[in-house]
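User: I'd like to learn how to read helices, charge pairs and ring pairs in a model. Can you take me through them one at a time?

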Amino acid sequence: KAQMNRIRKLDKRYKIKKSQDVGLRKALVFLNDLEENLVLPVHVVEETSRYYREVQNRRLVQGQKIVDMVAACVYASCRINSIPLSIKEISKVAGLKSRDVGVCYYKICKELQIQSEILDPIKYIPAVVNNLHLEQNVTIIATNIIKLAQKQDITAGKSPAGLVAAAIYLASIHIGKPITQRDIGLAANVTEATIRHRCKELKKITSNLKIKEKSHDSTKSFR
């Protein structure tokens with residue numbers, strides 16, 4: 001009887017170990033796909049892999065989908081390394097629900113005591129401008145708008161993507177080539193309502209903004 005109990009324990013441990021190996025293999029394959037589709041830096045991928053192994057060792061994957069947990073680990077690594085990728089962007093590329101990935105992310109942060117860095121909205125600007133195929137002047141003007149907003153503490157507690165979308169919208173108007181809020185919202189993954197709210201706040205400070213354009217030596221006031 002004692003020998004049979006021992007065999008049962010060994011068999012149970014083997015099954016658990018085998019299940020973890022299969023899960024880890026699936027997670028790493030999925031991470032490899034995300035690395036290619038999101039063009040992630042090597043150090044972010046390595047850190048994501050380390051997070052997932054820790055998550056698996058603590059059995060936090062139980063009750064969650066492996067792919068959701070991997071995507072959450074990617075987002076956590078991006079936040080720590082100040083890479084401007086949102087949960088919505090990662091989830092969209094991965095074909096997952098952002099809500100499910102978000103639940104896993106907060107679970108990971110709580111259990112592993114991860115404190116993410118606050119993302120700088122300015123780092124979002126080039127990607128959105130490129131997606132919209134806008135002029136470089138828009139990047140310069142939008143950056144100046146965000147910098148002024150940061151100095152006046154308007155950005156605190158606001159979504160970086162929403163601020164960037166509003167700044168780009170105002171910048172496009174300034175250069176005389178306005179882009180619709182709908183198009184900017186799609187490129188930045190924010191709603192038109194968010195852009196309208198952020199624009200109201202930014203318009204209050206842009207009247208004193210001085211913008212130096214590349215094609216001219218003079219400066220202009222943003223109106």
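User: What should helix α5 span at 1.5 Å a residue, and how far apart are its end C-alpha atoms?

Analyst: Helices here are DSSP runs of H or I with at least four residues, numbered from the N terminus (strands are runs of E, at least two). The expected span is 1.5 Å times one less than the number of residues. Helix α5 has 15 residues (98-112), so it should span 21 Å, and its end C-alpha atoms are 21 Å apart, which agrees. Bear in mind that this is a predicted model: local features need pLDDT of at least 70, side-chain atom pairs count only at pLDDT 80 or more, and totals for chains, interfaces and linings use all residues. Residues are numbered from 1 along each chain as its sequence is written, and side-chain values use heavy atoms, with hydrogens and water left out.

User: Which residues of α5 are buried?

Analyst: Buried means under 20% relative accessible area, exposed over 50%, and partly exposed in between, with a 1.4 Å probe and protein chains only. The buried ones in α5 are V101, G102, C104, Y105, I108, C109 and L112. Looking down the axis of α5, you'd find its buried residues within an arc of 165°, so they line one face of the helix; the arc is that of the directions from the helix axis to the C-beta atoms. The general idea: an α-helix has 3.6 residues a turn, so residues three or four places apart point the same way. On the other side of α5, R99, Y106 and K110 are exposed.

User: What covers the buried residues of α5?

Analyst: The cover includes α2 (42-57), α3 (66-80) and α4 (87-94), where contact means heavy atoms within 4.5 Å. Just past the end of α5, Q113 takes a positive phi of about 55°.

User: On to charges. How many salt bridges does a search of the whole structure find?

Analyst: Side chains of opposite charge can pair when their charged atoms come close. The rule here asks for a side-chain nitrogen of Lys or Arg within 4 Å of a carboxyl oxygen of Asp or Glu. The search turns up four. One of them joins R50 to E47, with the closest N and O atoms 3.5 Å apart. R50 and E47 both sit in helix α2, three residues apart, about one turn of the helix. R50 is partly exposed at 48% relative accessibility, while E47 is buried at 17%.

User: Which parts of the chain does the K177 and E135 pair link?

Analyst: In that salt bridge the closest N and O atoms of K177 and E135 are 2.3 Å apart. The pair links distant parts of the chain, 42 residues apart: K177 is in the loop between α8 (160-174) and α9 (181-188), and E135 is in the loop between α6 (125-132) and α7.

User: And rings: how many aromatic pairs are there?

Analyst: A pair of aromatic rings is described by the distance of the centres and the angle of the planes. Rings of Phe, Tyr and Trp (its six-membered ring) pair if their centres lie within 6.5 Å; planes under 30 degrees apart count as stacked, over 60 as edge-to-face and the rest as tilted. The count comes to two. Y75 and Y105 make an edge-to-face pair, 4.7 Å centre to centre with 70° between the planes. That pair links distant parts of the chain, Y75 in helix α3 and Y105 in helix α5, 30 residues apart. Both Y75 and Y105 are buried. Ring pairs join Y75, Y105 and Y106 into a cluster.
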